[in-house]
Amino acid sequence: MPSSLKKQRGLTFLSIAFILALIGFFTLLILKIAPIYINHSRVVNALKAVENTTDIATKTKGDIKSSLEKRFDMNYVEHVTNDNIKIVAQPGYVRVDIDYERVEPIMGNLSVLVEFHEEFEAGNR
């Protein structure tokens, strides 16, 4: 091997800067998106707790919505409004749908959109 090739090892300043920029971008992305999924896991836990309530199929629409709202307040759930919650309650049957989306600005005009849909059914129609 010629001696000139032995001297040309390693990364250039430009490649190091590019790698650091990529690491910084993905770190920023994770820091922006992780709280969205943490909040969503709280929504899922509240919904499962309501689903596992005894005699859920006999509860009224208002009782179910009130129970969900209390669990959302206790767990500090954000970005889920009453408009995002759809409840169908008939004697012996309940269906709860939570459908919401979250837009998180990353930088400048770059944003990320995350859509969630959770539901459960209990009882017989």
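Guide: Start at the hairpin of E1 and E2, where two residues lie between the strands and glycine 92 takes a positive phi near 85 degrees. Residues are numbered from 1 along each chain as its sequence is written, and side-chain values use heavy atoms, with hydrogens and water left out. The model is predicted, so local features need pLDDT of at least 70 and side-chain atom pairs count only at pLDDT 80 or more, while totals for chains, interfaces and linings use all residues.

Two strands count as paired if DSSP finds at least two bridges between them. Alanine 89 has valine 94 of E2 as its bridge partner, and isoleucine 85 is partnered by isoleucine 98 of E2. In general, strands of a sheet pair through backbone hydrogen bonds, either parallel or antiparallel.

Follow E2 onward to a second hairpin, formed by E2 and E3, again with two residues between the strands. Glycine 108 in that turn has a positive phi of about 60 degrees. E2 and E3 also run antiparallel, joined by 14 bridges. Within this pairing, aspartate 97 stands opposite glutamate 119 in E3.

Put together, the three strands form an open sheet in the order E1-E2-E3, with antiparallel pairing. E1 and strand E3 (110–123) each have a single partner strand, so they stand at the edges and one side of each is left without a neighbour in the sheet. On average, neighbouring strands are turned by 5 degrees against each other, direction ignored. Angles like those given below for helices run from 0 to 180 degrees between N-to-C directions, and axes are lines fitted to C-alpha atoms, for helices over the stretch in contact.

H2 packs on this sheet and touches E2 and E3; its direction makes about 165 degrees with that of E2. Contact here means heavy atoms within 4.5 Å. Isoleucine 36 belongs to helix H2. This isoleucine 36 is buried (under 20% relative accessible area; exposed is over 50% and partly exposed in between, with a 1.4 Å probe and protein chains only), its own value being 4%. Not counting residues up to four places away in sequence, isoleucine 36 touches Arg102, Glu104, Val114 and Phe116.

H3 lies across E1 and E2, running at about 145 degrees to E1. The axes of helix H2 (residues 13–51) and helix H3 (residues 61–74) come within 9 Å and cross at roughly 140 degrees. That makes H2 oblique to H3, since angles under 35 degrees count as roughly parallel, over 145 as roughly antiparallel, 65 to 115 as roughly perpendicular and the rest as oblique. The helices touch through Val43, Ala46, Leu47, Ala49 and Val50 of H2 and Ile64, Ser67, Leu68, Arg71 and Phe72 of H3. By class, this contact has eight nonpolar, one polar and one charged residues. Here Ala, Val, Leu, Ile, Met, Phe, Trp, Tyr, Cys and Pro count as nonpolar, Asp, Glu, Lys and Arg as charged, and the others, Gly among them, as polar.

Tyrosine 76 counts as exposed, at 65% relative accessibility. Histidine 79 is in the loop between H3 and E1 as well; though not a glycine, histidine 79 has a positive phi of about 70 degrees. With a relative accessible area of 38%, histidine 79 is partly exposed.

Threonine 81 and aspartate 99 are 18 residues apart along the chain, with 9.8 Å between their C-alpha atoms. Aspartate 99 is in strand E2, and counts as partly exposed at 46% relative accessibility. Leaving aside neighbours within four places in sequence, aspartate 99 is in contact with Asn84, Phe116 and His117.

Methods: Helix = DSSP H or I, 4+ residues; strand = E, 2+ residues; numbered from the N terminus.
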